[in-house]
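Subject: Structure for you, with notes

Hello,

Here is the structure I promised. Please open it alongside this message.

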Amino acid sequence: MNKQTPIEIDRAERTEKLQGMGCKRKRVEDIRFTQGKGNYVDDLKLPGMVFGDFVRSPHAHARIISIDTTRAKALPGVIAVLTAADLKPLGLHYMPTLAGDVQAVLAEEKVLFQNQEVAFVIAKDRYIASDATELVDVVYEALPCIVDPFKSMLPDAPILREDIKDKMVGAHGPRKHANHIFEWQIGDKAATDAIFDSAEVTIKEMLVDHRTHPSPLETCQSVASFDKIKGELTLWGTFQAPHVIRTVVSLISGLPEHKIHVIAPDIGGGFGNKVGAYAGYVCSVVGSIVLGVPVKWVEDRMENLSTTSFARDYHMTTELAATKEGKILAMRVHVLADHGAFDACADPSKWPAGFMNICTGSYDIPTAHLAVDGVYTNKASGGVAYRCSFRVTEAVFAIERAVEVLAHKLGMDAAELRIKNFIKAEQFPYHSALGWEYDSGDYHTAMKKAMDTIGYAELRKEQAEKRAAFLRGETRDIMGVGISFFTEIVGAGPSKNCDILGIAMFDSAEIRIHPTGSIIARMGTKSQGQGHETTYAQIIATELGIPADDIMIEEGNTDTAPYGLGTYGSRSTPVAGAATAVAARKIKAKAQMIAAHMLEVHEGDLEWDVDRFRVKGLPEKFKTMKEIAWSAYNSPPPNMEPGLEAVNYYEPPNMTYPFGAYFCVMDIDVDTGVAKTRRFYALDDCGTRINPMIIEGQVHGGLTEAFACAMGQEIRYDETGNVMGASFMDFFLPTAVETPHWETDFTVTPSPHHPIGAKGVGESPHVGGVPCFSNAVNDAYAFLNAGHIQMPHDAWRLWKVGERLGLHN
Amino acid sequence: MIPGSFEYHRPDSVASVVALLSKLGEEARPLAGGQSLIALMKTRLASPEHLIDLSAIADLRGIREQGNDIVIGAMTTQHDLIASEMLAKHLPIIRETALVIADPQIRYKGTLGGNVANGDPGNDMPALMQCLNAAYQLIGPKGEREVLARDFYHGAYDTALQAGEIVSAIRIPKPAAGHGYGYEKLKRKIGDYATAAAAVLITMSAGTCTSASIGLTNVSETPLWAEAAGKALVGTKLDEASIATAVAAAEAITNPASDMRGPAEYRTKMAGIMLRRALERAKSRAHG
Amino acid sequence: MAKSHITLTINGNEVEALVEPRTLLIHFLREQQNLTGAHIGCDTGHCGACTVEIDGMSVKSCMTFAIQAQGAHITTIEGVANADGTLSALQEGFRIMHGLQCGYCTPGMILRAHRLLQENPNPTEEEIRFGIAGNLCRCTGYVNIVKAIQYAAAKINGNPFLEAAQ
């Protein structure tokens, strides 16, 4: 490497000082978090604040015969007990969901899932509130319940949603049955069917992405404080989308938005759990409006797991048609979607099945058809996007399992089959058969890098030897190599197809430079641990040449932050990150004019150099952004507005499509069913990388959640609708002991339509990870012709596979 | 999440505890480490009106040798058991078992007495105590008595403890020097109750098993002392055939619950596998 | 329910308070003492977000009553920084190695790591993972938490920290 010139050294030093894009800037947030000085909702104490808690139904499906609140109200310290009867005159006993349905806030005539909210007790403190919930006497008449979505549409199925039974047209079209919610179709059915009818090879498999829950470590909570004098509501809460909450609260309360102040402070993890509105938020608001004092609601873990929105519960009949050489010709998928008692799915409004139509994945599949039927059951409502954009975990699980099933049928290596069908680099932007335009990708390069690094050929050789040893009775372990090559779709999204309750899914950034050269910037997104205070500053630092440490980032206060749609679906970097860059460039353009004026040259004579505008050919004549900032307030050019700031509302032209190649090596003890992950390698391509340290952290976290989901994390119901797994005793959250060691790697294929080429990465590891683990398990048993093994892969379930295969004799 | 109300007592002597329990009757519960009881109280599955905190009673702590026995005070924590050099020397199986109970924080507070006294079939120490032929020293209004661990458990949460009694200490006969031991626990994740677990204590002489005692955890309503399985090993070389016989005998007495750890038939088979692995471990450790 | 008077030491300060017997220590610390660093993440004593140190032991403060802490010495996250106000080796290590994201498990994790390093000043990776098995994290996947603790151990012991993949 050549020795650097003094100019280059100087440039490198100035760049380093900025701590801008691409460097492992240490996080701003950590200063307060490591000292226990975070501000989470339950840390909030306001004068006169009281506490609310719910009475919940023990039944999965029952009529409410009577509710007697006398004993509860008589307990000293109890201030009020709300029931549906109190909310109904305000029109608040139901609230709209993001999916075009309505959801009960407090149950009126019947309850539809175990632990559904029936009454809200408000008391002086949380201990008294808890006591009082035991003193509300509710008489129920139990009804037969439905917990199997395949039974929801049987002719004799009990009607669950009596409140909408006369509405046979729902938000997404006609309903086929009282328990049917929507049917959604996309693709060319006739062409797809024709290909399947004549294909040389087809596979068909029921793939279940089982019900689970995002379970962030902090549960959902809110503090509502209504000022009766001013007629203004301040609402603190665990809100991934604070502005949307403000709009929703305005719609349901009748208060205008300018009199509602929503503040999302520090949030202890979201993962999609904290996007939508919950009964607790509404009841705390109503309580405060009625009582005129702040009302706090904090749910406990069991409430969180059993009543806030679940994730997944997709039953996907998945088919591929191919030539006998392994060229995939078509894909056909039918999904039965179990939404529980209310469709509280957090999707953009035109997409009742989210972006399930990304299910053709990383492969050039010319023809496809997808149909989704959503149904009601007596379970908690939802489902949310658990670290997966919208249903992308489901879609990627379907295609990545399906290609392995196909590979097995063809007797082909699963990596080879994938490579044969990859969309080629020269095909981008690629138009998928189900309607998406993938922005960029180089799958072959990523796959080769991953396979070389993991030593794929050696692994298959080792596996072959171990299989032979197993068949000879020399070992009781079987080895699996799991692969996942996923394409994610994130960064919702363009207004032509993405809106939440009618608000287009742009996002925003407002940047203001102060006279002495430091910056405050606010975005419409809301971090729950992704490090936005650190990373947005890095974007601005590089764009504007002001050190990141001199840039304050704020999110979450709807009074000050420009309107945004929040953080979920990995959309912060693609949308608000873009807005940040565009706003910064507006400022930079103005700064260039100011610099030209200061240097008495024409704008075109200036070039940008890290943190300053220099006169071309005269390097000693320059003005730094800091100097320009002062000048903007001190002596702006004639006819130019003073100050130095800009706002951008960014309408993304497309989603972004991060992708990755993941490999998992697993060893399974067939006698106990215990699986051990020997190695996990994740190569991610998220386009331009803003902070490699934070990207790596996101990958570690997403893989851990993928591991948990694939290997045992589930919410189940027994046949009488009792929820199981709703505590940390049974809900599988791995500790540091079970969690494998993660190896990360990357390639960089920038997004051509994004101002800084970045795609977002938060959810990729989860989307790509789940099928990788499941494929590893399935691959382990494949040589024994086990057929498709459903997740979750608990030890006892794998033992049962062994039983079925006669391995234990 | 929030327990019901109760009155709190913190006596400083065993005699005061017994007097209080007698006076307050059924609505009083002793509080040892609290890691089981407080969890129950938070869900309101238990709502005692009185809690009698045993933590101020020095007599209930400590590990001492007493002739051929080791006597462990009921309030000795799992952490103390793990740290004890005396136990490491004479009863290393105790440390091995304590290390697979719960997590570091719970082990700092959870006690041996608390783990053996309440009859929770999920606890690990009861089957180990049966394996070791431990005796529980009880004290109550009628005075002191001893009940063998093997006689103590009648059903889930149903023990020989009478009204007003507490476990004050656990007396364990020292196994012979050179004994082989092993506690093998299958669990969904660290800190979980056992899907199935086996405690094994053996002695060997010139390659032949001279004694064998087996305890099984969480595969029935009570801990199980697998007497027949143990007998089947005595006089054998602990070869495959005799181990298979012992495993079959152990499986035969299991009656596990089906729960989220797995169906009953899985847990029975896992008890057998844990026993097998514990035996292999014990064999490798035995001198003789 | 009549309240009881307790006296104890928190972060070196003597504290006197009135508590109901059933008041959980976590609520006492957060609500009566305004020490909101320790957090509540579950109902069943599994997550460890409430971990503090009591008399040299790592304790889940949601699984003990405040009244049981009569006469005890408690350290919370608010008392972990160095005497001169600078961040402790663990706090620094968590930041340098990116051992936290949402920050919710962090106070409990740091308190537990603090006691772990007293028990075992030079733990292996396996010993660290076993040593924090009572603390759940949903964000980090633990790899960087292990590195943070290794960083702190090295710093406390005066050894240079060899960072494997930096």
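First, the conventions. This is a predicted model, in which local features need pLDDT of at least 70, side-chain atom pairs count only at pLDDT 80 or more, and totals for chains, interfaces and linings use all residues. Residues are numbered from 1 along each chain as its sequence is written, chains are lettered from A and ligands numbered from 1 in the order in which they are written, and side-chain values use heavy atoms, with hydrogens and water left out.

Chain C with chain A

The contact (heavy atoms within 4.5 Å) takes 49 residues from chain C and 57 from chain A. About 4,500 Å² is buried between them. That area is the accessible area (1.4 Å probe) that two parts lose on being put together, summed over both. Carbon and sulfur atoms give 55% of it.

There are 5 salt bridges here, a salt bridge being a side-chain nitrogen of Lys or Arg within 4 Å of a carboxyl oxygen of Asp or Glu. One joins Arg22(C) to Asp131(A), with the closest N and O atoms 2.6 Å apart.

Helices (H or I, at least four residues) and strands (E, at least two) are DSSP runs, numbered from the N terminus. The largest share, 4 residues, comes from α2(C).

Chain C with chain B

Here 33 residues of chain C are in contact with 30 of chain B. The buried area is about 2,700 Å², and carbon and sulfur atoms give 65% of it. The count is 1 salt bridge. Lys60(C) forms a salt bridge with Asp103(B), with the closest N and O atoms 2.5 Å apart. β4 (57-60), α3 (106-119) and α4 (125-131) of chain C each supply at least two residues. β4(C) gives the largest share, 4 residues.

Cores

A nonpolar core is a set of buried Ala, Val, Leu, Ile, Met, Phe, Trp, Tyr and Cys residues joined through side-chain atoms within 4.5 Å. Buried means under 20% relative accessible area, exposed over 50%, partly exposed in between (1.4 Å probe, protein chains only). The largest core has 187 residues; among those touching the most other members are Leu320(A), Phe355(A) and Phe663(A). Helix α10 (392-410) of chain A gives the most to this core, 12 residues. A second, separate core of 45 residues includes Ile553(A) and Met625(A).

Two local sites

In helix α19 (795-804) of chain A, Trp796(A), Leu798(A), Trp799(A), Val801(A) and Gly802(A) are buried. The buried residues of α19(A) pack against elements of chain A, including β34 (659-669) and α18 (764-782), together with α12 (264-285) of chain B. Just after α19(A), Gly806(A) takes a positive phi of about 70°.

Asn304(A) lies in helix α9 (301-307) of chain A. Asn304(A) counts as buried because its relative accessibility is 0%. Its side chain makes a polar contact of 2.7 Å with that of Glu299(A).

Best wishes

Definitions and conventions. A polar contact is a pair of N or O atoms within 3.5 Å; within protein, one must be able to donate a hydrogen and the other to accept it, and residues adjacent in sequence count only if both atoms are side-chain atoms.
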